[in-house]
Amino acid sequence: PNVVQVLHADDGSSSQIGPYVVMEYVSGGTLAKLLRAQEQSGTQIPLIRCIEMLIELTQGARAINTKVIHRDIRPDNILIEDRSLKIGDFGISKFVDESTRSHTFKGGQHIAYMAPEGWQNETNTFKLDVYSLGLVFYQILTLKHPLADKVQDPSNFHDWEKAHLYQPCPDVRMWRKEVPLAIAQLLSRMVSKRPDGRPSWEEALRVLSEPELVSTTNHPSVTAAVEAALTRQQQQQKKQLELMEQQKEREKQVGLYRYSCEMLLREFVPMVEQFNRQFQHGQIMFDRDAGFARFSIPGGHDITLTFFEPRKSGIRVRGGVVIGGGWIGISNGRSANLVLLKQGPDDLYGRWVVCEIGIMALTDPATLIGKFGITANTVVPFGFKDAYFYDQIQWAEGGHHVFTYNFIDNVVDFFADLLHEACR
């Protein structure tokens with residue numbers, strides 16, 4: 001009774017209009033419309049009625065999941081007939097026992113209700129519907145989407161993705177104190193980021209059917225212990241999600257940085273190939289490892305290139321923000337720093353420039369030996385090594401300092417000049 005009924009289906013063989021389905025007409029509008037009306041009037045749905053609605057929707061979802069995974073449960077797709085709620089709109093459903101094709105997007109839900117596994121293209125099970133309905137339950141009880149406060153732009157796909165993947169839903173009792181502890185815990189489990197942390201429909205029905213609104217047999221100390229354990233669990237979940245978000249952001253940053261490093265090395269390939277075509281007495285050999293590259297010059301000096309770890313430095317240089325760097329040079333010879341500058345929020349990969357470090361005219365170079373990686377054999381201009389790069393590049397835009405900073409925008413030309421010097 002809590003699912004919109006299919007009355008007739010025709011495969012089109014006996015129809016002049018092609019295949020069609022006839023469904024029951026549900027006349028009372030959508031749950032979304034009801035919730036908007038309640039919100040505008042400033043009145044919550046009575047708690048007893050809320051629990052009745054949660055039970056009806058759980059029964060409907062359980063019935064649906066015996067055959068299909070709905071994949072788009074939200075207030076707009078829940079219809080009302082008198083006081084009965086009916087789940088409809090099976091446009092993107094899939095059979096429970098049928099795998100989606102490998103190249104088919106496994107999410108496709110409305111971005112405000114899509115479970116984490118939908119965002120990550122993981123296997124869809126009925127637990128995906130449990131998550132979506134858990135969000136709907138929050139709205140029935142509080143008239144608020146539990147993640148709405150975590151989303152800056154409600155129309156932004158990526159804002160919702162981050163909220164679903166890394167933001168925990170708050171305790172429903174923050175907004176409605178009279179919600180029973182058992183139901184508050186049920187909602188928290190339904191919107192767990194991990195599918196195996198979500199309850200079955202049978203368990204959800206058992207909790208909703210016996211929420212223990214008031215009981216004189218409950219010992220207050222035991223209830224307090226449950227509250228304390230729940231608070232601790234919520235805090236641990238929040239910390240874990242924060243760490244996951246930081247790790248994911250770091251992985252993304254490193255991936256983009258590695259691509260930028262690879263593209264820089266590819267820019268040097270045409271010059272190496274030109275040299276190898278024109279020089280008959282040997283070839284430049286290229287050797288690389290993680291974060292390291294060496295160009296072995298026949299009869300000359302090797303050119304070495306080292307990439308430093310990327311960092312959200314906040315250092316502004318030449319209209320950009322420093323997000324990475326490196327060292328390029330000839331052993332016991334000329335060297336410089338490579339600086340990767342992010343020009344704006346839409347600049348994913350950044351732009352490489354060269355920075356040659358000099359020493360101020362009024363500074364005695366001898367006083368700097370043993371500092372900043374400088375030795376008696378350091379040739380000026382030079383580049384800072386890894387340990388000193390981020391600390392010292394911040395002075396490139398001014399301020400009294402012992403070093404000078406000469407930027408070269410064309411990295412390819414600098415490499416060609418360095419190759420020339422390495423052959424002398």
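1. Cys169 is a buried residue, its relative accessible area being 11%. The model is a predicted one. The cysteine sulfur closest to that of Cys169 belongs to Cys50, and the two sulfurs are 17 Å apart.

2. How many disulfides does a search of the whole structure find? The search returns zero. Cys423 is another cysteine to look at. Cys423 has 36% relative accessibility, so it counts as partly exposed.

3. Next, a helix pair. Helix 2 covers residues 47-65, and helix 7 covers residues 201-209. The two pack at an angle of about 165 degrees. Their axes lie 10 Å apart. Helix 2 is therefore roughly antiparallel to helix 7, because angles over 145 degrees count that way. The crossing of the two helices is left-handed.

4. Which residues make this contact? Helix 2 contributes Ile51, Leu54, Ile55, Thr58, Gln59, Ala61, Arg62 and Asn65. From helix 7 come Trp201, Glu202, Ala204, Leu205, Leu208 and Ser209.

5. Phe126 sits in the loop between helix 3 (116-119) and helix 4 (127-142). Its relative accessible area is 29%, so Phe126 is partly exposed. Setting aside neighbours within four places in sequence, Phe126 is in contact with Asn65, Ile69, Pro199, Ser200 and Trp201. Asn65 and Trp201 also take part in the contact between helix 2 and helix 7. Val68 is 58 residues from Phe126 along the chain, yet their C-alpha atoms are separated by 8.2 Å.

6. Is Gly329 buried or exposed? Gly329 is buried, with a relative accessible area of 0%. This glycine belongs to strand 11 (residues 320-330). Beyond neighbours within four places in sequence, the contacts of Gly329 are Asp302, Ile303, Thr304, Arg334, Ser335 and Leu418. His301 is 28 residues from Gly329 in sequence, and the C-alpha to C-alpha distance is 9.9 Å.

7. To recap the accessibility values: Cys169 is buried at 11%, and Gly329 is buried at 0%. Phe126 is partly exposed at 29%, as is Cys423 at 36%.

Note on methods: Residues are numbered from 1 along each chain as its sequence is written. This is a predicted model: local features need pLDDT of at least 70, side-chain atom pairs count only at pLDDT 80 or more; totals for chains, interfaces and linings use all residues. Side-chain values use heavy atoms; hydrogens and water are left out. Axes are lines fitted to C-alpha atoms, for helices over the stretch in contact, and angles run from 0 to 180 degrees between N-to-C directions. Helices (H or I, at least four residues) and strands (E, at least two) are DSSP runs, numbered from the N terminus. Angles under 35 degrees count as roughly parallel, over 145 as roughly antiparallel, 65 to 115 as roughly perpendicular and the rest as oblique. A crossing is left-handed if the near helix is turned anticlockwise from the far one by less than a right angle, and right-handed if clockwise. Contact means heavy atoms within 4.5 Å. A disulfide is a pair of cysteine sulfur atoms within 2.5 Å. Buried means under 20% relative accessible area, exposed over 50%, partly exposed in between (1.4 Å probe, protein chains only).
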